[in-house]
Structure formats: structure tokens, C-alpha cells
Amino acid sequence: MPKTDNLNSLSQIIKEEISHYDHKVNSSSVGQVVSVGDCIATIFGIDNAMYGELIEFPNNAYGMVMNIEENDIGVALFGENVTIKEGDTCTRTGKLVSVPVGDGMLGRVVNSLGEPIDGFGPIKATTYRPVESVAPEIMDRQSVNEPLETGIKAIDSMIPIGKGQRELIIGDRQTGKTAIAIDTIINQKDKDVYCVYCSIGQKNSSLAQIVARLKRYDALKYTTIVGSSAAEPAPMQYLAPYAATSIAEHWMHQGKNVLIIYDDLSKHAVAYRTLLLLLRRSPGREAYPGDIFYLHSRLLERSCRLSDELGGGSLTALPIIETQAGDISAYIPTNVISITDGQLFLNTDMFNSGQRPAIDSGLSVSRVGSSAQTKVMKSVSKDLRMALANYHEMLDFSRFGSDLDKSTKKILSHGAILTEVLKQKQYMPLSAGKEIVDIFVAQSGLLDDIDPSHVHYILKFLSNSISAQNPHIYEEINKEKKFSDESKEWIKEHLNTIIASVNDNLIQEDNY
């Protein structure tokens with residue numbers, strides 16, 4: 001064959017290949033790094049990027065579009081930015097930032113991108129969800145009327161939490177906010193509730209302690225931990241709660257009940273402020289950007305209870321906010337209070353005086369209320385909050401005078417017993433049966449004449465006696481959601497016997 005024919009056939013093949021070439025990457029999908037620093041890259045040349053889109057850089061580095069300007073885009077970089085320099089090219093992926101979801105996440109500790117950081121190898125996941133998604137519509141939800149038991153007497157009796165509710169835990173530093181959240185996770189054992197704990201801006205040592213505690217109480221097997229430490233850059237801390245919510249949402253849409261903890265959203269707001277100031281967004285009050293309210297509202301609105309048509313799954317959120325000197329009227333606390341369905345306020349003075357958990361029943365509220373309680377709990381705890389309010393009021397007045405009438409003394413003695421009964425050690429959540437029996441005993445007035453320091457000894461003795469002699473009482477409360485009159489009478493008679501024996505022992509010790 002002549003040489004000219006070979007060239008003609010080759011040129012024909014090239015023309016055909018060019019005509020059939022699929023333009024997968026066009027000029028508007030490739031950009032150039034103009035500047036980079038503090039985990040923020042400014043990109044020129046990408047004209048049609050989406051907010052929240054994943055951008056790919058050389059050496060397997062990634063970032064997320066956070067700013068879309070007229071001539072450039074601002075990208076928040078994941079991880080360290082030492083491998084990215086000015087002049088590098090980057091490309092659109094056409095995908096929103098997503099995380100792996102599914103049962104393979106249970107028992108694992110992951111970072112804000114869903115990558116394992118616990119040293120147990122890769123996670124087998126076939127499903128991914130975008131870190132940000134639209135919250136379920138009102139018509140896709142149903143009312144919250146099923147309790148999510150925390151195992152903490154003060155909460156389940158006075159400030160109940162329902163499945164699908166958003167209950168804020170708020171208080172100063174070192175008042176037991178995380179302790180309440182961890183106890184709630186531990187109490188979900190054998191209750192078919194999946195848990196997600198999101199740590200934002202905490203120390204790695206603190207996160208390691210939480211993982212160890214959950215392992216010790218066999219709670220890690222139904223829990224996923226999303227960790228973003230204080231040492232990580234602002235974009236990773238910003239992304240953590242959204243990634244955790246996506247992991248939890250997957251189970252909610254499968255009809256499961258899920259509990260998610262955000263610890264804490266104060267640090268999340270600070271990370272977002274840092275991120276947007278670096279992106280040169282306009283600062284507002286306290287240098288926070290103007291959309292700081294939207295930051296948390298679009299996060300917490302994803303927590304709800306879905307309608308039965310959509311599977312009836314629920315996502316219960318317990319966000320944590322740290323206050324300064326008990327100031328709940330500060331900017332971020334008031335924002336989150338207005339988004340949530342109630343708050344558990346932890347009082348520093350109560351904590352320091354030995355009242356643990358230090359829940360202030362006066363400032364704490366649940367907007368779902370008794371709808372999230374069983375009839376049994378509702379019946380034994382209906383006057384509890386009022387009795388405590390009268391006690392604290394009388395306690396303040398009693399400090400100004402020495403002569404007190406009988407009714408005042410009765411209120412003070414009864415309130416002191418109630419306060420003592422509501423004390424509870426950490427990592428010791430109670431079953432519904434034990435909670436209801438303790439509150440019933442406290443409300444009955446049978447303990448009002450004893451020394452408050454003996455209360456927990458008597459309650460423990462009573463609990464052991466019920467478990468050994470009449471376990472049906474706990475069974476009917478836990479399973480049948482009933483508390484019969486026969487059970488109440490048995491408890492009263494047995495309690496009188498226990499109190500008498502305790503008093504006899506004390507008299508003998510005094511004589512000795």
C-alpha cells in the first residue's frame with residue numbers, strides 16, 4: 001500500500017476519534033490556585049462550581065467550595081495544606097462532600113470525612129450520603145410522643161426527652177454536660193437505639209477517655225464516634241457535626257431510632273467564624289458571620305420523628321453549649337435555645353455543692369413535656385417540680401429567720417429528701433422501674449423524717465429487696481408500663497420495715 005494511503009487512513013481515524021470524543025473535563029471545570037494559606041485556597045478559572053462541591057487537588061488533596069465570587073471561588077481544605085501551592089491546578093468532581101454510612105460505622109471512631117481513626121482498618125461501606133441535606137418537611141413528620149429514657153431520674157421525671165426531640169444541654173465548663181450525654185448513650189443498651197457521638201474541638205485525650213468508657217459499659221457496639229480534635233483545622237471542625245448527622249440520618253430513614261450528641265456547638269460556631277473570617281466574609285456581632293443562626297438551624301432541623309409512611313424512624317439530638325459565668329443570654333446560647341425544643345440548664349453552684357447531676361429545675365424545660373412520658377412516670381412525678389420549687393423558695397426565706405412553723409419545716413424536710421433522691425452517680429443510669437420506685441418513695445413522704453444522708457442506703461436496700469423478693473414490680477413497670485396498687489402497698493410496708501431496721505442500727509451504734 002502506498003505511503004500516502006497510510007497517512008490518509010491514519011488522519012481519518014484521528015478525525016473520527018476527535019468527533020466521538022466526550023468532553024468530560026472542560027475549561028470551566030479546571031482551575032488554578034491563586035493563593036493558599038490557613039486551610040483556605042482561592043481558585044481562579046472554575047466558573048460553574050456548586051456550594052459544598054468537592055474540589056480535587058494534586059496529591060489526593062481535597063477541599064469544599066465555601067465561597068462563590070464573581071472571579072474566583074474560596075475552598076476550605078481538608079487536612080493540612082502543605083502539599084498545595086500557588087499555581088497548582090484543581091478540578092471539579094461534580095459531587096457534594098459525602099461520608100460513608102451504614103452498619104459498618106457502628107463501633108468505629110471516624111474523622112469528619114468518615115475515615116477511620118481508630119486503627120481497626122478500613123470501613124466497608126457501599127452507601128454514601130452528602131454531609132448536608134434538606135431537612136424533612138413538616139408533612140413528613142409526626143408528633144413526639146415516645147420517651148427516650150436517659151436513665152437519669154432528674155431528667156426523666158421533670159424534663160423528659162422524646163424520640164425525635166432536640167433538647168439542649170447548657171451550662172458552664174466542668175458542670176457535667178458530657179456526663180449526661182454519655183450516661184444517656186449507656187442507657188440505650190438493649191433498647192434498639194443507635195447512637196452517634198460527635199466531638200468538636202475537644203482534646204484527643206478526652207475523646208480517648210470517652211471511647212474507653214463506652215467500651216467498658218459495652219455501649220460502643222451500637223455507637224459511632226465522629227471526632228474532630230482541637231488540633232485539627234477549622235474546616236474539619238466545621239464539617240464534623242454535619243457528617244455525624246448524615247451518618248445518623250441513614251438509620252433514621254431505615255426506620256431506626258437514633259440519638260446524636262453534638263459536643264459542643266459553641267466550639268463549632270467558633271470554628272465557623274474562623275473559617276469565614278479567613279474567607280473574608282463580613283463579620284457581624286462578636287465577629288460571627290451573619291448566617292451563624294442558619295449554621296445551627298439547618299443542622300438541628302434534620303432531627304425529627306418521621307411519619308409512619310416513611311418508616312417512623314427518629315433522630316433525637318442533644319446539642320451541648322458551653323456558657324460563660326452562667327450567661328444563657330449570650331449570642332450563641334440564645335440562638336440554639338430558640339432552635340431547640342427545650343434545655344437542660346446545669347447550675348455551677350449546685351454542682352459545686354454536690355448536687356450531681358446539677359440540673360436546675362427552674363431554668364430547665366422540655367417543650368414536649370409529659371407527652372414524652374409514660375403514664376406511670378407521669379403519675380408519680382406530676383408534683384415533683386412544684387415541690388422542688390417550693391423547697392428552694394422556702395430555703396431562701398429560712399436563712400433570714402430561726403423560728404419556722406410546721407408547714408415550712410415540712411416543706412423543707414420533704415424538699416431535702418427529694419433533692420437527695422435525685423442525686424445520681426455518673427455511669428449509673430437506672431431502668432424505668434428503679435426510677436419510678438425511687439420517685440414514688442420520695443413523693444410518698446415516708447422518708448421525710450429520716451436523715452437525708454441515709455436516703456441512698458435505704459433506696460439501695462429497697463431495690464435489692466424488690467429484686468430478690470418481688471421482681472414482678474420492676475417487670476410490670478418496665479414491660480407492662482403499669483404500677484399497681486398492690487405493688488405500691490408492698491413497697492410502703494417493706495419500706496417501713498427497712499426504715500425501722502436502719503433506725504435500730506443507728507441507735508445501737510450510738511449506744512456502743
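Which helices and strands each supply at least two residues of the lining of the largest pocket? I found helix H3 (177–186), strand E11 (193–202), helix H4 (204–216) and E14. Helices here are DSSP runs of H or I with at least four residues, strands are E runs of at least two, and both are numbered from the N terminus.

**Ground rules.** I am working with a predicted model, where local features need pLDDT of at least 70, side-chain atom pairs count only at pLDDT 80 or more, and totals for chains, interfaces and linings use all residues. Residues are numbered from 1 along each chain as its sequence is written, and side-chain values use heavy atoms, with hydrogens and water left out.

**Pocket.** I noted about 940 Å³ of space in the largest pocket. Its lining counts 33 residues, and those nearest the centre are Gln174, Gly176, Lys177, Thr178 and Ala179. H3 gives the most to this lining, with 6 residues. For my own reference, a pocket is an open set of points on a 1 Å grid over the protein atoms alone, where a 1.4 Å probe fits, with protein on both sides within 12 Å along at least five of seven lines; lining residues have an atom within 4 Å of a point. Points are joined across faces, edges and corners, and the volume is the space filled by probe spheres set on them.

**Barrel.** Next I traced a closed barrel of 6 strands in the order E1-E2-E5-E4-E3-E6, with antiparallel pairing. Two strands pair if DSSP finds at least two bridges between them. From one strand to the next, the twist averages 45°. Between strand E2 (residues 40–44) and strand E5 (residues 72–77) I found 5 bridges, running antiparallel. Isoleucine 43 stands opposite isoleucine 73 in E5.

H6 lies across E2, strand E4 (61–68) and E5, at about 75° to E4. Angles run from 0 to 180 degrees between N-to-C directions of axes fitted to C-alpha atoms, for helices over the stretch in contact. I then picked leucine 275, which sits in helix H6 (residues 265–278). Is leucine 275 buried or exposed? Leucine 275 is buried, at 1% relative accessibility; buried means under 20% relative accessible area, exposed over 50%, partly exposed in between (1.4 Å probe, protein chains only). Leaving out residues up to four places away in sequence, leucine 275 touches Ile40, Met66, Ala76, Ala234, Pro235 and Tyr238, where contact means heavy atoms within 4.5 Å.

**Salt bridges.** I counted 18 salt bridges, each a side-chain nitrogen of Lys or Arg within 4 Å of a carboxyl oxygen of Asp or Glu. One of them joins glutamate 53 and arginine 92 at 2.9 Å, N to O. Glutamate 53 lies in strand E3 (residues 53–57) and arginine 92 in strand E6 (residues 89–96), so this pair ties together parts 39 residues apart in sequence. Glutamate 53 is buried at 0%, while arginine 92 is partly exposed at 21%.

Arginine 141 and glutamate 301 form another, with the closest N and O atoms 3.6 Å apart. Both sit in loops, so the pair ties together parts that are 160 residues apart in sequence. I also wrote down that Arg141, Arg166, Glu301 and Asp341 are linked in a network of salt bridges.
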